[in-house]
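Here is a short tour for someone meeting this structure for the first time. Take a look at the picture and the sequence, then read on.

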Amino acid sequence: MERFAQLFTRLDQTTKINTKVDELAAYLKAADDDDRLWTVAILSSRRPKRTVNTTLLRQWAAELAGIPLWLFEESYHVVGDLSEAIALTLPKPSGKNEQSLSYWIEYIKALDKLEEAEKKSRVVAAWQQMDYTERLVFNKLIMGGFRIGVSQKLMVRALSKCTGIDENTLAHRLMGDWTPDRTTFEDLILTKDPLEDVSKPYPFYLAYALEEGPEGLGAPEEWIAERKWDGIRGQLIVRKGELFVWSRGEELVTDKFPEFHPLAEQLPDGTVIDGEILPYKDGQPLSFNELQTRIGRKNVTKKILEKVPVVLVAYDLLEWEGEDLREQPLEHRRKLLEKLLGQATASHQLLLSELVPFSQWEELEEERRNARQYHSEGLMLKKRASVYRAGRRKGDWWKWKVDPLTIDAVMIYAQRGHGRRANLYTDFTFAVWDEDALVPFTKAYSGLTDKEFREITSWVHRNTLERFGPVRSVEPKHVFEIAFEGIRKSTRHKSGVALRFPRMLRWRKDKPVREANTLEDLHQMLEVYEG
Amino acid sequence: MALLEFTEKGIYCAAAGVYIDPWRPVDRALITHGHADHSRWGHKHYLFTRSAAPVIRHRLGNIRHDTVEYGEVTRINGVSFSFHPAGHIVGSAQIRVEHKGEVWVASGDYKVEDDGLSEAFEPVRCHTFITESTFGLPVYRWKQQKKVFTQINEWWKQNQADGKASIIGVYALGKAQRVLAGVDSSIGPIHTHGAIENTNEVMRRQGITLPKTTRITREVKAADLEGSLVLATPSATGSNWMKRFKKASVGIASGWMALRGTRRRRSADRGFVLSDHADWTGLNEAITATGAERVVVTHGYTNLFARYLREERGLDAWEAQTEYEGESLDKDDDSED
Ligand SMILES: [Zn+2]
Ligand SMILES: [Zn+2]
């Protein structure tokens, strides 16, 4: 554990990608196979099952530290990370441990069926022989959420460095439904032929956002444009008469989408399609929210299938007749895809992602502005000659998103923030005018500089009307421009609308409060943009 | 009427007609220490310790003032005032106020660990103690400074071996000199940002020994900086000023570095947990040592710390609204802490 904790500290101490890769590779090289496999598992979001609930962990930590639970909770609020809050609060350890990472993972797994008192004594015993970082790691192993700035891509690079196997092969081998309980480092990483497993998807190629216009990309004729849909990125695989659907989170979601099941027979063996799973009805996309609700349900009922049917908007063909096409140019892959979808046998659940025709970049600017009319989020630009790469790479694929929607709103409630900002008011509720009344419609907590947060905090202190716990109502005085990505009807909100990704674009100090937008403005936006 | 009250202008002693660390202009101000949120512009007359004077006068220029020695009693309208070491920065003081047998202590900012540079904190018995609570939560517990300086030295040596400069973001007044006094200056040359070197010069003139430092000017070449330790103001570490360094590692020394999230948001390579404020243990010990039954909690986690003192320690504690800023990570001249 000490070595893994050291790795954790070192990774945490640098922001440089290459240093992280080197540190991780060095660790993997020296670790035994069990620790290696678990490290790879943890860094690809495969953690052991949770065997202790967090409420108990908080109680035990507060008790051990000799502080009241409320003070622990407040401290946790400030730290923002429960594992860290516990590690910071616990008293000094009484001993040391020499055990490995895998030992502690097995220790955590073994807590599962125990009585609460027994769990407590084991967890406390573990804490008492660990230093700060070991406790932090141990807590994270129990609770999950191992975010230490090491993406899967980075982990794969390190693993490649340590094993000498190339990154794409490794990315492929690591996909799918494995856990360290059911495989070994040898089987999973070193020996297994990925083609043996018919369900294995290819790593997704992810686009970067285009921050400026496309002019810098070069000659327009070298590029194609498609609409960017707001669905779930998916990979559809038919091999040996079986269908598999993978989402970008590397989750096997075949069961969630019975609509696609007939494709197992309709598509030839050895076909892999990349596309967007989109809620779609009467020739139109539905809102992303509907899809999210559908996915959240345990059972896919007939009613849901009727209410929120899905299609796959196909934009790439990765495998055809059992052959990996990823090294072929996009143009070629797309031709095959068009041919496949043009066949009479193809199901109506598969739509071709249409090209947006253009010969000059300026024409696309217009298309991007109008993206919301098509219920899309903007445009995708892809180089005709591009191969299909693994992970997020710059250069060949770009997403060019539509500008956010904006509205000027009045701040009416303020709440304390987290972490270093726990003494600042950073979470605000905003309202728009409805006649003479202010109707709250959204919260936002990001987008201002620390200086602005300090300024508004000092104002909040002086202009509080009422306090409700950590929340204060304030005099309606300040107008903020709120940016958001989408708007939809909501029966849960008094305003009747809900926003996607709202944030503060700027503090409109120039704007009198009476000139903020109205509820009617919001409802008009709803009419134009809901989708 | 209480001996000290919190008014719109500052901490007011009505019996004497004077303010402690006022944030609005007043006639007579008693100042705990030289940080800008405690010693502000525009008062007609100032009183502070002799060792705080050079820095305060460097910042505020030509002001009307008197100085006192630690422990010396100044009587104003029958109220006795005396200054006692707060251990926060050079010259920092807690101000003891006594009137008709009642004793209050306004501590300004303080830390209990002796940093070897500031006059070491001395607990002062009182009935009412005004405490800060910048780090008044149990998650803030400092390591011994010796261990932190070992970390800084190791980091410096490693960077030196890699041909990098070690740039550390610190406040010009207080933290900069503490780091200078704490690091192993035999490792290599030390360079300073101009704002920090100005304060160093003021302190050297008052007889404080600091290791040799070189001010970074246009004449300093990139090659000179390789392998050296560089003390920079926090804002310089995010500005064009950094362009002069070919290869560098950036660290920040602050109590806030105890939290990983804070350090990540600052995107520093390294965070060193080093503060001139008392940690959770220090605050609690200091309060115990005063024997005070009443505690007024100012800047920091005021409401939480006051509630803890009330409910868990049985003290008559409450929070007071002030305009002190605590240890800030965002602004930087010498106005912090
Ligand atoms: Zn202060
Ligand atoms: Zn200070």
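## Domains of chain A

Domain bounds here come from an automatic or database domain assignment. For chain A, that assignment gives domain 1 (2-142), domain 2 (205-401) and domain 3 (405-530). Between domain 1 and domain 2 of chain A, the C-alpha centres are 40 Å apart.

A word on ground rules: this is a predicted model, where local features need pLDDT of at least 70 and side-chain atom pairs count only at pLDDT 80 or more, while totals for chains, interfaces and linings use all residues. Residues are numbered from 1 along each chain as its sequence is written, chains are lettered from A and ligands numbered from 1 in the order in which they are written, and side-chain values use heavy atoms, with hydrogens and water left out.

## A four-stranded sheet

Helices (H or I, at least four residues) and strands (E, at least two) are DSSP runs, numbered from the N terminus, and two strands pair if DSSP finds at least two bridges between them. Chain A has an open sheet of four strands with mixed pairing, in the order E2-E13-E11-E3. At its edges sit strand E2 (208-209) and strand E3 (223-228) of chain A, each pairing on one side only.

E3(A) runs antiparallel to strand E11 (residues 378-383) of chain A, with six bridges. Across that pairing, Trp223(A) stands opposite Lys383(A) in E11(A). Helix H17 (residues 361-369) of chain A packs on the sheet, touching E3, E11 and E13 of chain A (contact means heavy atoms within 4.5 Å). The direction of H17(A) makes about 145° with that of E11(A); axes are lines fitted to C-alpha atoms, for helices over the stretch in contact, and angles run from 0 to 180 degrees between N-to-C directions.

## Inside helix H7 of chain A

Which residues of helix H7 (residues 101-109) of chain A are buried? They are Leu101(A), Ser102(A), Trp104(A), Ile105(A), Tyr107(A) and Ile108(A), where buried means under 20% relative accessible area, exposed over 50% and partly exposed in between (1.4 Å probe, protein chains only). These buried residues pack against helix H1 (2-12), helix H2 (17-30), helix H3 (33-42), helix H8 (116-128) and helix H9 (132-143) of chain A.

## A spot on chain B

Over in chain B, Ala289(B) belongs to helix H7 (residues 280-290). Ala289(B) is partly exposed, at a relative accessible area of 32%. Not counting residues up to four places away in sequence, Ala289(B) touches Pro123(B) and Arg125(B).
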